[in-house]
Amino acid sequence: MINKKLILFFAFIIILILLPFVISGYWLRVLTQTFLFGAIATGSNIIIGFTGYPAFGNIAFFGVGAYVTGVLTTKYNMPFFATLPFCALSGIIISSLLGIPILRLKGHYFAIATVGVMETIKELVDNMTELTGGGLGLTLPIMHGEPEYIYKFFYFVMLGVMLFSLLILFIVSKIKQGYALRAIRVDEDAASVMGINTPLYKTFAWAVSAALVGITGGVYAYWLSYIDPHTVFGGTYPVKMFAMILLGGGTTVIGPMLGAFILELISEIVWSKFIAIHGMVLGLLIIFIILFLPKGIFETFKGGFSFKKLFSNLRENRL
Amino acid sequence: MAILEAKNVAKSYGGLKVLTDVNFEVNEGEIVGIIGPNGAGKTTFMNLISRLTPITGGVITYKGEIINEKKPHEIAKMGIARTFQVVKPFGGLTVLENVMVGAFYGKNNAKSKSEAVTIAEEALQIVGLVDVKDKDPRILPLAKRKKLEVARALAMGPDLLLLDEVMAGLSTRELDDMMAEIIKLKQKGITIIAIEHVMKAIMGISDRIVVLHLGKKIAEGKPELIVQNPDVIEAYLGSKYAKKE
Amino acid sequence: MILQILVNGILLGGFYALIGVGFSLVWGVTNIINLAHGAIALLGSYITYYMFQNLHIDPFITLPVSFIVLYIFGYLVQRYLMNMVVKAQIFMLLILTFGMEIFLVNFMTTFFSADFRSVTPDYAGKSIEIAGVVVPYIRLAVFAICMIVTAIMGFFLEKTWTGKAIRATSLDLEAAMMTGISPRKIYSITFALGSALAGLSGSLLSLTQAFSPNIAGGLTLRAFIVAILGGLGRVEGAFLGGLLLGVIETVSSFYIGESYKNAIAFGLMVFMLIVKPSGLLGRKYYAEVKH
């Protein structure tokens with residue numbers, strides 16, 4: 001059973017590695033975007049799904065990472081890959097400093113506080129005009145080479161970031177600390193009297209998430225070669241990320257990534273034809289997920305699809 | 001020798017006094033039962049020992065060390081384990097993995113996974129849950145979930161075990177079973193403080209009983225003497241049974 | 001000068017109190033953080049805008065229309081959508097309302113366009129000057145209406161049967177159910193009231209500033225801060241929180257800079273959450289009770 005899943009997973013990865021040699025242009029971009037979301041959802045899942053802290057504003061670290069790469073490549077002429085450790089580091093520093101006060105909050109108080117953090121950082125970046133270009137945005141050095149080569153380059157880099165996030169998530173799920181995080185998710189008091197230093201572990205979880213999301217942001221900045229505060233901080237990113245985690249299942253390692261694939265590909269295939277109502281469909285889709293699939297598509301339909309299962313959430317949670 | 005000492009312990013929320021001037025000692029190897037009607041402050045007292053709520057007055061000493069300012073996880077590492085009245089197993093983890101968390105982080109502080117598994121299996125053996133170790137704990141019946149709580153605490157390798165109503169809600173047979181379990185733990189050298197509503201159970205296993213009423217200690221002594229104490233009958237049995245009729 | 005700034009802050013604060021009171025009420029009673037609150041308020045703005053623009057109806061007369069339409073809207077949303085999953089984990093509901101927000105904002109962008117609109121009756125721009133402080137009539141009227149409605153809300157919750165049932169539900173859902181209160185109905189009425197108050201504040205907003213679907217998030221944020229400052233579900237708290245936010249925002253915009261307005265508001269919120277999540281006036285901290 002486990003082996004079958006493992007084989008499927010590696011087959012999937014091999015297909016993704018071979019794909020760029022048969023597809024091109026548009027689809028390479030779409031998949032790169034999908035990997036981007038896969039990386040964000042997977043990275044954020046350590047704090048959100050494993051630890052149970054709905055870090056809605058985790059995208060803050062995406063934006064920070066994007067700006068770290070942006071500023072380091074433009075103002076300090078640093079090569080792209082060399083900036084990525086700094087993206088991770090900035091995420092770790094900010095989350096550790098903020099973690100101590102903010103992770104004391106629970107449930108939606110925490111969720112909203114992280115949004116507050118995100119918006120505050122956004123405003124700060126917006127106002128640090130000399131360094132970040134403020135609202136005008138920041139143009140990064142463009143990579144040299146054939147467009148096809150550049151597409152492939154970012155395809156593989158983004159795939160790499162996503163798989164790296166996945167690997168970290170997998171490791172966390174296996175080590176001692178992973179057990180502590182899941183204990184915290186269910187019952188923080190019980191976890192603490194069992195000897196788990198809950199503030200420390202929560203901060204650890206958030207820092208790892210922040211680092212991974214930060215790296216993703218760095219790659220994003222170099223990929224698009226233009227960033228501005230309003231696109232990299234917030235927008236629909238937080239809620240899309242959350243929807244992906246929910247859709248795939250937040251307690252699993254691979255769920256958020258699959259959630260990202262499902263949502264991003266649906267988005268691309270179906271909605272690109274209806275640009276005008278794209279946002280409305282996104283809203284409806286999120287409502288749909290919360291109503292019918294909050295446990296994730298795989299958990300809900302374990303052992304086969306049926307319409308009855310689709311309504312089990314409503315039966316459990318209606319007033 | 002006293003393993004735990006409470007001196008003039010008090011707890012208040014704003015102006016509301018939940019506990020006032022509670023004094024008592026627990027000796028190594030003893031089973032001490034704490035009883036009292038609803039709202040007597042039993043669970044609050046337990047929360048004070050496990051440091052989940054701040055102590056507002058007095059001193060609690062464990063193994064000669066004042067623990068007033070310690071954090072819950074530090075207490076756990078010092079060898080105090082507890083169960084909760086509301087049983088909430090860690091869902092998403094199997095029964096064995098639940099107990100492993102205790103082995104990883106309690107006083108046992110298992111360094112490797114295999115070590116944690118060994119400790120956890122031993123704890124499950126003691127409470128008799130080995131046969132369900134790979135199950136999801138959420139599907140277990142209440143009696144077994146209570147045992148899982150005990151196993152989780154045991155895997156921490158405690159010297160002092162606090163049991164918060166582990167016998168409430170059990171059938172007579174399950175109750176006898178649990179009582180035997182607790183006696184077994186005592187024989188292993190673990191000191192136990194048990195909060196209980198079920199009089200019969202607590203009287204049967206305790207070496208000593210402490211009675212709390214409205215946040216104060218009103219009596220202390222051997223079980224057979226406690227049941228004859230007029231204050232206790234008045235406060236505990238009187239008020240409790242009067243209400244039920 | 002400082003007097004003028006303070007007066008501006010207080011006038012703005014009256015509006016914040018109104019937008020906050022509905023939000024706070026919904027949160028306090030149903031434990032739902034309605035991230036669509038700002039978007040619902042904007043629906044009210046558009047009602048006023050279109051009635052004024054197309055039918056030439058005085059904006060103040062559109063207020064009851066806005067109130068009633070959004071009351072019905074809110075009732076239906078709670079009854080047939082939110083009640084379906086209201087017992088799920090709290091942040092599921094947070095995401096649900098965010099989904100609603102995205103839907104509504106995009107709906108408005110699609111059908112009403114993303115352009116900034118404003119409602120300008122002939123008496124716009126007229127003002128009164130007292131001791132060197134300029135007070136535009138419209139802002140004064142808006143302030144007065146906000147205060148009156150907030151006060152009526154407080155009266156309603158204190159004195160009427162429905163109000164008492166709402167408060168009972170917010171204190172203890174199960175106990176309220178035992179006394180025969182139907183939580184399904186109370187939740188729906190509460191959310192309906194929250195939406196209606198949002199709509200009303202949106203209508204008033206259209207008179208004092210230009211609006212577009214994109215400011216929905218900013219409005220929700222301010223409602224949130226007011227609720228946090230004042231304590232959940234408390235009318236007098238929203239009153240205090242609104243005025244405080246209005247003054248802080250106006251004063252800090254003047255001394256630190258307009259562009260830091262949001263950062264300051266957010267900073268204030270995060271600070272408040274950490275230091276005293278139960279609000280200035282204090283109230284049960286929900287996250288401890290149910291999560």
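Where does C:Ser113 lie? Select C:Ser113 in the loop between α4 (90-112) and β1 of chain C; helices (H or I, at least four residues) and strands (E, at least two) are DSSP runs, numbered from the N terminus. C:Ser113 is not a glycine, yet has a positive phi of about 75°. Its relative accessible area is 21%, so C:Ser113 is partly exposed (buried means under 20%, exposed over 50%, partly exposed in between; 1.4 Å probe, protein chains only).

This is a predicted model, in which local features need pLDDT of at least 70 and side-chain atom pairs pLDDT 80 or more, while totals for chains, interfaces and linings use all residues. Residues are numbered from 1 along each chain, chains are lettered from A and ligands numbered from 1 in the order written, and side-chain values use heavy atoms, without hydrogens and water.

Next, select β1 (residues 127-130) of chain C together with β2(C): the strands run antiparallel, joined by four bridges (pairing takes at least two DSSP bridges). C:Glu129 has C:Val134 in β2(C) as its bridge partner. Two residues separate the strands of this hairpin, and C:Ala131 in the turn has a positive phi of about 50°.

Move to C:Thr150 in helix α5 (residues 137-159) of chain C. C:Thr150 is buried, at 1% relative accessible area. Contacts (heavy atoms within 4.5 Å) of C:Thr150, leaving out residues up to four places away in sequence, are C:Leu18, C:Val21, C:Val235 and C:Phe239.
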